Amino acid sequence: MRLDKFISLMKGKGFDGALISPGTNLYYLTGLHIHEAGERLTLLVISSDGNYRLLAPSLYENVVRNFPVTFWRDGENPYEKLAWILAEFELSSGKLLVEDTMRADWLINIFRVGNRGFEFYSLSSVIRELRMRKDHREIDYMKHAAKVVDRVFEELLGWDLLGMRESELALKIELEIRELSDGISFEPIVASGENAANPHHAPGNRRLRKGDMVILDYGAKWRGYCSDITRTIALGKPNEKLLEIYEVVKDAQERAYKSVRAGRKAREIDAAARETIAGAGYGDYFTHRTGHGLGLDVHEEPFIGPDGEVVLENGMTFTIEPGIYVPGLGGVRIEDDVAVIDGRGKRLTRAERELVIL
Ligand SMILES: CSCC[C@H](N)C(=O)N1CCC[C@H]1C(=O)O
């Protein structure tokens, strides 16, 4: 059981307990679907002695079953109940792991409940070791999420794109993903023409025109697991410079993909892409890391950047997505999801990588 593994890992590292607020870590450890609870305190309390209990608003009475839980009602003080749980678990001081994304107001109150006796540490520093290596079932879910985005790409090539606004196309992509999966893993990026020089462009009112290169970056979720794909397409023949850039990015992506091996460091995969782009004279225009881990979160460990010290292992899953962005001209990015299987990289997303000119 994941919770037992986590408890022995945190104990081995000298932590006394953990406080986990709703999010993917809570889901990973318990399988409980607890949505963000807003301001209402919701915490999984774990002690390194092996005790654990969820503290949750009574709104969740129908959701939490077969799991040790203490509910609190609106009007009650949840921090008093937290204090009781901590007392029962004999946790009054020591090293506590805390969910990285926990609300600051919760953390401040927890600090008070502990009479300032706690030292807080980031939960991700421990749980990353479990989450980074996916098992077969997790990889199957990711394969499914990847198939969905491949299919959406095939379908969108048949849509009447000329004259469509970026925001309309983003919405159409989102609806298509929702039709085929459990939902989107992030809001789709549609970046056309010179807007494509911004790697995280928010789709706006610009209409797609002839000669545009368009970056399409979107993802699906299946059973909680994410996919994330980017393709750059052309509407009619684009200018020569962008055609050249496309080939450089495709080559960089392929070289990085081919360099994936269990035993190599993440930064070596980044270097394969970065050196290809720098070698073609575009080094200053590749402004982000080559990729990021992918799983329950769309961005997680291992990060594939120049500072990536994680040694790749079977079961790790991440994106490879180099890009070149030239202000005033536009940009190109090509992204696939990759799993390390039998020591080598295996693409999960397989949509066409040759430039599609519509
Ligand atoms: C979660 S929004 C961005 C999704 C996108 N696929 C992505 O991860 N990136 C686009 C540019 C680089 C990369 C990133 O690291 O943010």
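I take a salt bridge to be a side-chain nitrogen of Lys or Arg within 4 Å of a carboxyl oxygen of Asp or Glu.

I'm working on a predicted model, where local features need pLDDT of at least 70, side-chain atom pairs count only at pLDDT 80 or more, and totals for chains, interfaces and linings use all residues. I count residues from 1 along each chain as its sequence is written, and side-chain values use heavy atoms, with hydrogens and water left out.

**Glu99.** I found Glu99 in the loop between strand S5 (94-98) and helix H4 (104-113); helices (H or I, at least four residues) and strands (E, at least two) are DSSP runs, numbered from the N terminus. Glu99 is buried but has no salt bridge. Buried means under 20% relative accessible area, exposed over 50%, and partly exposed in between (1.4 Å probe, protein chains only). Which side chain of opposite charge is nearest to Glu99? I got Arg131, 6.6 Å away; Lys and Arg count as positive, Asp and Glu as negative, and His and the chain ends are not counted.

**Arg206.** I looked up Arg206 next, in the loop between strand S7 (183-192) and strand S8 (213-222). Arg206 is buried, at 13% relative accessible area. Setting aside residues up to four places away in sequence, I see Arg206 touching several residues, among them Glu166, Glu194 and Asp212; contact means heavy atoms within 4.5 Å.

**Tyr325.** I placed Tyr325 in strand S14 (residues 323-326). Tyr325 is buried too, because its relative accessible area is 3%. Beyond its neighbours within four places in sequence, Tyr325 has contacts including Tyr285, His288 and Arg333.
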